[in-house]
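User: I would like to learn how to read a few features of a structure, one at a time. Please give the general idea and then the case here.

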Amino acid sequence: MSMKLLNSISKKVMIGYLGIAVIILLTSIVLFQKSSTINLHNQVFTDQTLPLLKQVDQASANINDIQLIAYGLYGYTLEHYAFDQAFDAHKKALQDHLGQIKKVELQNDTLTIQIEPFLSDVQQLKAILSSKKVNWESARASLQSIQEQADQLKQSLDVVGLQISENAETISATISTQL
């Protein structure tokens, strides 16, 4: 009886089309699953990696801004009250950015440890320049220390940014191997 079903060419063609439809259906299910995996990894990348990299960049910018206002205070191009306002704003922003980074990156303890001497040196410079008789040698030494601390902080931020990028590359490699 099964031979009678296959005697007609049109029936053989229909069975062929049915086979093709089954293969297409199975392929589309597999591709849909792969697409869901890629979408999940893409979402992790856009929801975590990109904001973290932005936090690292903004923290570095705040360090630069604090450094600039320290030089502005040293060069008397910035009044003490303007320095205080700018310093407080950049300090708070810097601490906020580092806090966001610390939520995800465990190595941020290095940054937390490094930030205090940097901020302390900036405050020390303000104290030196606020005194009645300014000790310019101490002020220059304080500026030098601020520069060194800022460089170390930016280096540490670069390391964190590199780690974040490497994590993203690992996720990307995982996606590639799953395909």
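User: Is Lys92 buried or exposed?

Analyst: Buried means under 20% relative accessible area, exposed over 50%, and partly exposed in between (1.4 Å probe, protein chains only). Lys92 has 51% relative accessibility, so Lys92 counts as exposed. This is a predicted model: local features need pLDDT of at least 70, side-chain atom pairs count only at pLDDT 80 or more, and totals for chains, interfaces and linings use all residues. Residues are numbered from 1 along each chain as its sequence is written, and side-chain values use heavy atoms, with hydrogens and water left out.

User: Which side chain does Lys92 meet in a salt bridge?

Analyst: A salt bridge is a side-chain nitrogen of Lys or Arg within 4 Å of a carboxyl oxygen of Asp or Glu. Lys92 pairs in this way with Asp96, at 3.0 Å from N to O. The two are about one helical turn apart because they lie four residues apart in helix H3; helices are DSSP runs (H or I, at least four residues), numbered from the N terminus. Asp96 is partly exposed, at 39% relative accessibility.

User: How many salt bridges does a search of the whole structure find?

Analyst: The search finds three. One of them joins Asp84 and Lys126, whose closest N and O atoms are 3.1 Å apart. That pair links distant parts of the chain, 42 residues apart: Asp84 is in helix H3 and Lys126 in helix H4 (residues 109-130). Another joins Arg140 and Glu137, at 2.7 Å from N to O. Being three residues apart in helix H5, Arg140 and Glu137 are separated by about one helical turn.

User: What does His97 touch?

Analyst: Contact means heavy atoms within 4.5 Å. Leaving aside residues up to four places away in sequence, His97 touches Gln55, Gln58, Ala59 and Asn62. His97 is found in helix H3 (residues 80-104), and His97 is buried, with a relative accessible area of 13%.

User: What span should H2 have, and how far apart are its end C-alpha atoms?

Analyst: The expected span of a helix is 1.5 Å times one less than its number of residues. The 66 residues of H2 should therefore span 98 Å, and the end C-alpha atoms are 94 Å apart, which agrees.

User: Where does H2 bend?

Analyst: The bend at a residue is the angle between axes fitted to the seven residues ending there and the seven starting there. H2 bends by about 30° at Phe45. Just after H2, Tyr76 takes a positive phi of about 55°.
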